[in-house]
Amino acid sequence: MTGRKQSRQPKPLKATLPAPDPLRWCFLLPVERLKKKQLTQLEKLCQGATRFAVLYRLAQAFVHLLHEQTDRGLTPWFKEVQNSGIEELISFAKGLQRDEAAVRAGLSLKWSQGSVEGNVNRLKFIKRSMYGSANFDLLRTRVLCAA
């Protein structure tokens, strides 16, 4: 070990950005439902970065389409996303556009595949829980008894 003292670098200041998990709720909830702290953080972020403000506005517009269950604003939303220049959001929108008919149906129709998906997940759980230990007859019995 040498007699020289090592120069200590100053520790970088912690960023004032909130963690991604709480920030996600800021994007998903309407402004009226945000807590005061969340609203303050969101306002600071939107004022500090115009890209973030654009991203937030477009995310809120899409969430509004989901809550209103309408596809009327989808085409203008696609155009705004293309003009935003935010690559991740553009990629998301392109994925939606690849199957636009299904997205429009999902936004505007009242029925859902939720109950079917729930039953499929339940069946898969039962099947995996007895993996390699029984035949189809036992699986059938367990599914019928679980229902």
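## Starting point: a residue in a loop

A residue counts as partly exposed when its relative accessible area falls between the buried limit, under 20%, and the exposed limit, over 50%. Gln 69 has 48% relative accessibility, so it counts as partly exposed. The model in view is a predicted one.

Gln 69 sits in the loop between helix 3 and helix 4. Its phi is near 55 degrees, a positive value in a residue other than glycine. Thr 70 lies in the loop between helix 3 and helix 4 as well. Thr 70 has 13% relative accessibility and therefore counts as buried. Setting aside neighbours within four places in sequence, Thr 70 is in contact with Leu 65 and Leu 107.

## Overall fold

The protein chain has eight helices and zero strands. Along the sequence the pattern reads α-α-α-α-α-α-α-α. The chain holds 147 residues, and buried residues make up 23% of them.

## Helix 1 against helix 3

Two packed helices are described by the angle between their axes and the distance between the axes. Helix 1 covers residues 20-28. It packs on helix 3 at an angle of about 60 degrees, and the axes are 8 Å apart. That angle makes helix 1 oblique to helix 3.

From helix 1, the contact uses Leu 23, Cys 26, Phe 27 and Leu 28. From helix 3 come Phe 52, Leu 55, Tyr 56, Ala 59, Gln 60 and Val 63. By class, this contact has nine nonpolar residues, one polar residue and no charged residues.

## Helix 4 against helix 6

Helix 4 spans residues 74-84, and helix 6 spans residues 100-108. They pack at an angle of about 125 degrees, with axes 12 Å apart. Helix 4 and helix 6 are therefore oblique to each other.

Helix 4 contributes Leu 74, Thr 75 and Phe 78 to the contact. Helix 6 contributes Glu 100, Val 103, Arg 104 and Leu 107. The residues of this contact divide into four nonpolar, one polar and two charged.

## Nonpolar cores

In soluble globular proteins, nonpolar side chains tend to be buried together. The largest nonpolar core here has 14 residues. Which of them touch the most other members? They are Phe 62, Leu 74, Trp 77, Phe 78, Val 81, Leu 89 and Leu 96. Helix 3 (50-68), helix 4, helix 5 (87-98) and helix 6 each supply at least two residues of this core. Apart from this core lies another, of 10 residues, among them Leu 23, Leu 29, Leu 34 and Ala 59.

Leaving aside neighbours within four places in sequence, Val 81 is in contact with Leu 58, Leu 89, Ile 90 and Ala 93.

## Salt bridges

How many salt bridges are there? The count comes to three. One is between Glu 80 and Arg 57, with the closest N and O atoms 2.5 Å apart. Glu 80 lies in helix 4 and Arg 57 in helix 3, so the pair ties together parts that are 23 residues apart in sequence. Glu 80 counts as partly exposed because its relative accessibility is 35%. Arg 57, at 45% relative accessibility, also counts as partly exposed.

Asp 71 forms a salt bridge with Arg 104, the closest N and O atoms being 3.3 Å apart. This pair links distant parts of the chain. Asp 71 is in the loop between helix 3 and helix 4, and Arg 104 is in helix 6, 33 residues apart. Arg 104 also forms a salt bridge with Glu 100, where the closest N and O atoms are 2.9 Å apart. Glu 100 and Arg 104 are four residues apart in helix 6, so about one helical turn separates them. Glu 100 has 25% relative accessibility and counts as partly exposed. Through shared partners, the salt bridges join Asp 71, Glu 100 and Arg 104 into one network.

Key. Residues numbered from 1 in each chain as written. Predicted model: local features only at pLDDT ≥ 70, side-chain atom pairs only at ≥ 80, totals over all residues. Heavy atoms only, no water. Axes fitted to C-alpha atoms, helices over the stretch in contact; angles between N-to-C directions. Parallel < 35°, antiparallel > 145°, perpendicular 65-115°, else oblique. Contact = heavy atoms within 4.5 Å. Nonpolar A, V, L, I, M, F, W, Y, C, P; charged D, E, K, R; others polar. Core = buried A, V, L, I, M, F, W, Y, C linked by side-chain atoms within 4.5 Å. Buried < 20%, exposed > 50% of the residue type's maximum accessible area, 1.4 Å probe, protein only. Salt bridge = Lys/Arg side-chain N within 4 Å of Asp/Glu carboxyl O.
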